[in-house]
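This report looks at how two chains meet and how some of their parts are arranged. Please keep the structure in view while reading.

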2 protein chains.
Amino acid sequence: MKPVTLSDIAERLNISITTVSKALKDYPDVSPKTKALVKELALTLNYRPNSFAVNLRTKESKTIGLIIPVIVHHFFSSVIKGIISQAEKKGYLVIILQSNESYELEKKQIDLLINQRVDGIIISLANDTVDFKHLNDVISLDKPLIMFDKIAKLVKCSKVIINDRQAAYDATQHLINTGCKRIAHFRGSLLPQNSIDRFLGYKKALVDNGIPYDPNLVYICECDDKSFEEGKKNAIKLLEDHDDVDGIFINTDLVAIGAIAAFNDLGVKIPETISIVGFSNWFMSSVISPTLTTVDQPGFEMGKEAFKQLFKEIRQRKNNLPVTYEEIVLKTSLVKRESTKTELTNRV
Amino acid sequence: MKPVTLSDIAERLNISITTVSKALKDYPDVSPKTKALVKELALTLNYRPNSFAVNLRTKESKTIGLIIPVIVHHFFSSVIKGIISQAEKKGYLVIILQSNESYELEKKQIDLLINQRVDGIIISLANDTVDFKHLNDVISLDKPLIMFDKIAKLVKCSKVIINDRQAAYDATQHLINTGCKRIAHFRGSLLPQNSIDRFLGYKKALVDNGIPYDPNLVYICECDDKSFEEGKKNAIKLLEDHDDVDGIFINTDLVAIGAIAAFNDLGVKIPETISIVGFSNWFMSSVISPTLTTVDQPGFEMGKEAFKQLFKEIRQRKNNLPVTYEEIVLKTSLVKRESTKTELTNRV
């Protein structure tokens, strides 16, 4: 069965296509009787307006694009869920693309989405994105762009983030409060802003507490889909290099879970010998042994806020109102679990 | 900056829109010189063909729809990744919707996708989908439909599945081979075909091994986003009801992980007192303690195969070839880990 067209309806009723089209849109120059006939037949035949033609007229596609580095990832899948939940309420569909942390792929995908005439784009950058021309292209086409989590400070658009530096500071402060004196950091790749900010928060907490910062205690993880293995490897290397380390602040939970697995295998006691704090609060962190103290990063909320801001900007453009870029900073909290000791001030 | 249109190019070169359009499409009735001028200017101005107009002409949207019950879910996010990886290769974009295991929402989403004129739909059904009219509507509109994982046997379309019954049989047989004699089953909801099949596989393995089937040992989990809690609750209830149970085959890993957490809390030894086999092989299952023996369900492969079949059917329709529905059955394997004992025949 081929889709029913306006001309099918026109033919059956022996009227013009224009009349059918006008009747369906309730134009005043079509008689109520004709309107009723057309609408009834359209219903009976299960007529669906051709979305391409509607789009061509309204210049809206009612779809938005979302580019994320990885899908099989607790944080990003929570963000997707948040975006879709809001988009659905406003009648928007979401096209999802995965950049695989590749700048080249990300550029291509931006192009695909622009060609697809999406009404706006939400993006979290790939680790190796170093140039922002593709993002500025979106903006110069007057298409709403929202960045979240892995953002580029230099690109002028709305952003939904957390205060990574403060969250990392608090996480490190917690290690210090529980008695750790020699604290290592497994950081993310060198480029992403959030990985830089988490590193700076860690460093500042040390300095503010009179603990000298030692660059040898900072290990880099690419934090891609090999995160778990990287965490294991780094943990083993850390033990070999510095057997006096008593705490680690780790850039992301999956790496921390790898480190825990390595320490469990080697019989290193957590938190007695080494305390660990992760970042993101993956569900997994609450079920491993020991459970992981971590920064709760509100993925679902981030997704919701990102879509809300996008929708606001779509409306502003549609109504020829000035567009206001916003930086939305969501709250995080430290979830204290078994991988760290009780804070000294709280001890009896 | 507004997008550049055909008419912008026409105006600048002082030629007709038709000529510009023909030049870009390499029509023979436009001179090579004009073609070169038009193409150069189009490149300079960063002209992008209007996808709505292209779609209206080709009747293709180069987008497909994907409806899944939940996104924050290791198996389904792996499937998404598989679908997107293939779609990208063929130049298709993927619109993703989450039915939240709701039949009502699923119906609405099918409608949205049809109205959006996607070129095809891939779906895994919601737990409470009892009627298949919305799916038959897709088929009667001659739009390719592929079902995977949670399918409806009665709907005539291609399907990508695993042999759930055999996989469950093998999982239960493993428990029997390791010495378990009183084996419980935490099954999924009553309706989904895969949950029925896994139950039947469990039952058949018992009967084939001369172990009487006891309906009191079968507990139901809805397997929604409360799965972990359900697993915990069922495990505690099972201990109260039947303290002689020595093995459990559990419909999905997240429920099994909940059960492990409950047994760990209660000091019930796994696998010595109770052995556990899960289903799906979530990443988490390899890092919890004890690690979980489970059926490896190839999510990424399922996604890839689903898109490949969809693409094949899109081509068949486009070329007016007969469409052949296929049932693609992917292989599973049992991953033996710490939550079950060594098989008796393998013991020294």
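Two strands pair if DSSP finds at least two bridges between them. The model described here is a predicted one.

## The sheet of chain B

In chain B, six strands form an open sheet with the order β7-β6-β8-β9-β10-β12, and the pairing is mixed. Its edge strands are β7 (218–220) and β12 (333–335) of chain B, each of which pairs on one side only. Direction ignored, neighbouring strands of this sheet are turned against each other by 20 degrees on average.

One pair can be followed in detail. Strand β9 (residues 275–280) and strand β10 (residues 293–296), both of chain B, pair in the parallel sense over four bridges. S280(B) has D296(B) of β10(B) opposite.

## A helix across the sheet

Helix α10 (residues 227–241) of chain B packs with α11(B) at an angle of about 50 degrees, and their axes are 7 Å apart. The angle therefore makes α10(B) oblique to α11(B). The crossing of these two helices, α10(B) and α11(B), is right-handed.

On the α10(B) side, the residues making the contact include S227(B), F228(B), K232(B) and I236(B). On the α11(B) side, L254(B), V255(B), A259(B) and F263(B) are among them. By class, the contact of α10(B) with α11(B) has 11 nonpolar, four polar and three charged residues.

## Where the chains touch

How many residues does the contact take from chain B and from chain A? Chain B gives 38 residues and chain A gives 39 residues. On the side of chain B that touches chain A, at least two residues each come from α4 (51–58), α5 (74–89), β2 (93–98), α6 (103–115) and α11 (253–266) of chain B. The residues on this side of chain B divide into 22 nonpolar, 11 polar and five charged.

## Domains of chain A

Chain A is divided into domain 1 (6–49), domain 2 (59–156 + 299–331) and domain 3 (164–297 + 334–346). Between domain 2 and domain 3 of chain A, the C-alpha centres lie 30 Å apart. Their contact takes 13 residues from domain 2 of chain A and 13 residues from domain 3 of chain A. The side of domain 2 of chain A that touches domain 3 of chain A has five nonpolar, three polar and five charged residues.

Key:
Residues numbered from 1 in each chain as written. Chains lettered and ligands numbered in written order. Predicted model: local features only at pLDDT ≥ 70, side-chain atom pairs only at ≥ 80, totals over all residues. Contact = placed C-beta atoms within 7 Å. Nonpolar A, V, L, I, M, F, W, Y, C, P; charged D, E, K, R; others polar. Axes fitted to C-alpha atoms, helices over the stretch in contact; angles between N-to-C directions. Parallel < 35°, antiparallel > 145°, perpendicular 65-115°, else oblique. Left-handed = near helix turned anticlockwise from the far one by under 90°. Domains from an automatic or database assignment.
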